[in-house]
Amino acid sequence: MTSFDEGVTQERHYPVVVVGGGPVGLAVAGDLGWRGNRCLLVERGTGNVNQPKMDLVGVRTMEFCRRWGLVPAVEAAPYPRDVPQDYIYLTSLRGFELSREPFPSKDQEPCPPQSPQKRERCPQHMFDPIMARFAASFPTVELRYETQLESLVETESHVELVLRNVRTGHEKTIRADYVVGADGGDSTVRKALSIGMSGSGTLTYTTNVLIRADLDPLHDKGRGYRYIFVGPEGTWLTITSTNGRDEWRVQFIGDAAPSKPSPEQVREALFRAVGCEFDYDIIDVMPWVRRELVAEHYGTRRCFLAGDSAHLMSPTGAFGMNTGMQDAVDIGWKLDAVLKGWGGPGLLLSYEQERRPVALRNVAEATGNLRRMLETRKRRPPPEVFQDGERAAAVRKEYGEWYADLLRQEWFTIGINLGYRYDDSCVICYDASPRPPLTVSTYEQTTLPGARAPHAWLAPGRSTLDAFGRGFTLVRSGPDAPPADPFAAAAARLGIPFSVLDIADPDICRLYERKLVLVRPDGHVGWRGHLVPAQPEAIFDTLRGASASQTRREPIAEGAT
């Protein structure tokens with residue numbers, strides 16, 4: 001994992017070049033390597049994370065980690081697994097508690113019934129090294145740090161990239177069949193492609209101050225994950241544990257006016273939030289702008305955007321990185337299919353059709369969470385909230401319960417994490433079933449085409465999800481399910497990786513809703529039915545993007561194509 005002119009091979013052409021070495025770029029490179037593809041990842045930084053921008057690895061991301069064999073590494077991250085994950089609303093650490101949203105420690109939190117995994121607390125400075133080791137474990141993947149993309153030009157046959165070593169200034173030109181830009185909100189790839197972004201460029205100016213301090217002995221509120229501070233002006237500050245011990249991210253939540261606290265203002269704010277003076281060290285200060293933006297397009301014929309280069313959202317909800325990981329898995333299997341020759345011309349086209357609507361939804365939900373968090377700036381706390389006495393305690397309780405209820409939607413988002421669907425894709429075989437509205441706090445598993453295929457335990461430690469990932473999987477439910485032979489023969493003719501999962505358990509058969517469910521490599525349902533279609537090859541042609549139509553297909557009747 002060095003810069004390109006330190007021991008790098010003399011390769012000048014790569015099937016895929018990934019620009020950006022954050023968690024999303026590493027996931028793209030790692031997934032491609034996991035599938036046996038050669039790629040180069042370039043990152044202008046050193047790979048070190050000075051200040052973690054994310055803390056929560058969502059349940060869907062953990063399902064991907066399960067697929068890649070990374071769950072033990074995430075669970076072994078240095079963040080203590082015995083620390084309660086409570087969200088605590090208060091006037092100060094030594095002041096009044098308004099309310100709290102209790103959450104168990106990671107050791108005690110159960111998996112949701114809809115997944116073999118649960119969300120994990122693994123901040124970015126712990127998570128990125130896991131993803132880097134994963135990507136670097138494949139001999140087909142090269143990671144080159146301190147390597148800046150200077151320019152790219154897309155032609156009919158390839159993409160030409162100029163790379164520069166940021167320390168030496170040395171430049172070289174390489175070629176790629178495809179490029180994935182996972183290079184953040186200021187994406188060089190996106191700018192080179194002249195792709196704009198739509199939405200709000202400024203929600204708030206915010207500053208993160210990473211400090212080291214022993215806060216737990218200074219108060220009686222107990223250990224938690226995040227402390228949210230409410231003053232006469234409303235919500236003004238949060239303090240979040242980034243290592244479960246003595247490292248904290250202090251977030252100054254500003255407004256639409258540019259601002260950055262001075263060292264004196266940081267000191268005053270810390271003493272106000274804690275309720276006393278104390279010793280601390282500042283590790284890093286990072287001003288940033290909270291945005292609500294989605295790329296107008298997700299790429300071109302050979303270049304694609306993923307993660308923050310494609311969507312920027314408020315961290316309220318922890319959707320940003322986790323949405324990007326979904327991008328990585330979607331573009332990963334599609335690039336794999338095209339590189340290996342069985343993906344058709346419509347497959348890469350479907351990336352934008354599938355992922356952009358998800359980003360629009362998640363960005364809007366994140367902004368809604370921010371507005372709910374800042375609602376205290378409109379409904380400001382009564383003076384009694386900050387006073388002693390029985391009357392003040394009653395007022396404080398009522399206000400705290402109102403605020404906790406308001407924010408609860410942000411903490412319970414399984415519908416966002418697992419319930420996203422691809423409802424307008426040219427590589428899904430839709431049926432005539434009604435498509436219920438998407439939900440946020442609840443999630444009911446379904447085999448509706450475009451939805452994530454359901455989890456169920458086949459045996460202790462073995463989930464249905466463990467059968468998905470390498471290729472297409474035909475799930476046959478029940479003893480009277482039609483034979484898989486026609487699908488297997490069609491897949492073999494087309495060179496498509498294919499496997500079969502037979503299910504006998506009646507409860508799982510009911511969960512899968514049809515006798516036959518064809519699951520794509522990303523774990524989403526591509527087709528379902530009770531009968532084998534007359535031409536299974538036509539089903540595969542749609543799912544691999546080789547159909548003559550590149551728009552959403554009409555429902556396919558059972559037993560026909």
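**Close-up views of a predicted model**

**Figure 1. Cysteine 111 stands apart from other cysteine sulfurs.** In this predicted model, the sulfur of cysteine 111 is too far from any other for a bond, because the closest cysteine sulfur, in cysteine 65, lies 13 Å away. Cysteine 111 has a relative accessibility of 36% and therefore counts as partly exposed. A search of the whole structure finds zero disulfides, and cysteine 39 is accordingly in no disulfide, with the nearest cysteine sulfur, that of cysteine 303, at 15 Å. Cysteine 39 has a relative accessibility of 0%, so this residue counts as buried.

**Figure 2. Confidence along the chain, and a stretch where it falls.** The pLDDT averages 95 over the chain, and 96% of the residues score at least 70. Residues 550-561, by contrast, have a pLDDT below 50, although this stretch has 38 contacts in the model beyond near neighbours in sequence.

**Figure 3. Threonine 188 and its surroundings.** Threonine 188 belongs to helix H5, which covers residues 188-192. When neighbours within four places in sequence are left aside, the residues in contact with threonine 188 are Gln148, Leu149 and Asp183. For leucine 149, which is 39 residues from threonine 188 along the chain, the separation between the two C-alpha atoms is 7.2 Å.

**Figure 4. Glutamate 410, a buried acidic side chain without a salt bridge.** Glutamate 410 is part of helix H9, which runs over residues 390-411. Although glutamate 410 is buried, it has no salt bridge, and the nearest side chain of opposite charge, that of arginine 226, is 4.2 Å away; the cut-off for a salt bridge is a nitrogen-to-oxygen distance within 4 Å. The side chain of glutamate 410 does reach the backbone nitrogen of glycine 317, at 3.1 Å. Apart from residues up to four places away in sequence, glutamate 410 touches Arg226, Thr316, Gly317 and Asn369.

Figure 5. Alanine 318 is not a glycine, yet its phi is positive, at about 60°. This alanine 318 sits in the loop that lies between strand S17 (311-312) and helix H7 (320-339), and with a relative accessible area of 24% alanine 318 is partly exposed. Glutamate 513, which is not a glycine either, has a positive phi of about 65°. The loop that holds glutamate 513 lies between helix H12 (506-512) and strand S22 (516-519), and glutamate 513 counts as partly exposed at 33% relative accessibility.

**Figure 6. A salt bridge between arginine 408 and glutamate 101.** Side chains of opposite charge can pair when their charged atoms come close. A search of the whole structure finds 43 salt bridges, and one of them joins arginine 408 to glutamate 101, with the closest N and O atoms 2.8 Å apart. Because arginine 408 lies in helix H9 and glutamate 101 in strand S5 (residues 97-101), the pair ties together parts that are 307 residues apart in sequence. Arginine 408 is partly exposed, with a relative accessible area of 30%, whereas glutamate 101 counts as buried at 7% relative accessibility.

Figure 7. Arginine 355 and aspartate 327 meet through their side chains in a salt bridge, at 2.7 Å from N to O. Since arginine 355 lies in helix H8 (residues 349-373) and aspartate 327 in helix H7, this pair ties together parts that are 28 residues apart in sequence. Arginine 355 is buried, with a relative accessible area of 0%, and aspartate 327 counts as buried at a relative accessibility of 0%.

Figure 8. The side chains of aspartate 336 and lysine 340 form a salt bridge, with N and O at 2.9 Å. Aspartate 336 is buried, having a relative accessible area of 4%, whereas lysine 340 is partly exposed, having a relative accessible area of 45%. Elsewhere in the view, salt bridges that share partners join Asp330, Lys334, Glu354, Arg520 and Asp522 into one network.

Terms used:
Residues numbered from 1 in each chain as written. Predicted model: local features only at pLDDT ≥ 70, side-chain atom pairs only at ≥ 80, totals over all residues. Heavy atoms only, no water. pLDDT = per-residue confidence, 0-100. Contact = heavy atoms within 4.5 Å. Disulfide = S-S within 2.5 Å. Buried < 20%, exposed > 50% of the residue type's maximum accessible area, 1.4 Å probe, protein only. Helix = DSSP H or I, 4+ residues; strand = E, 2+ residues; numbered from the N terminus. Lys, Arg positive; Asp, Glu negative; His and termini not counted. Polar contact = N/O pair within 3.5 Å; in protein donor to acceptor, adjacent residues only side chain to side chain.
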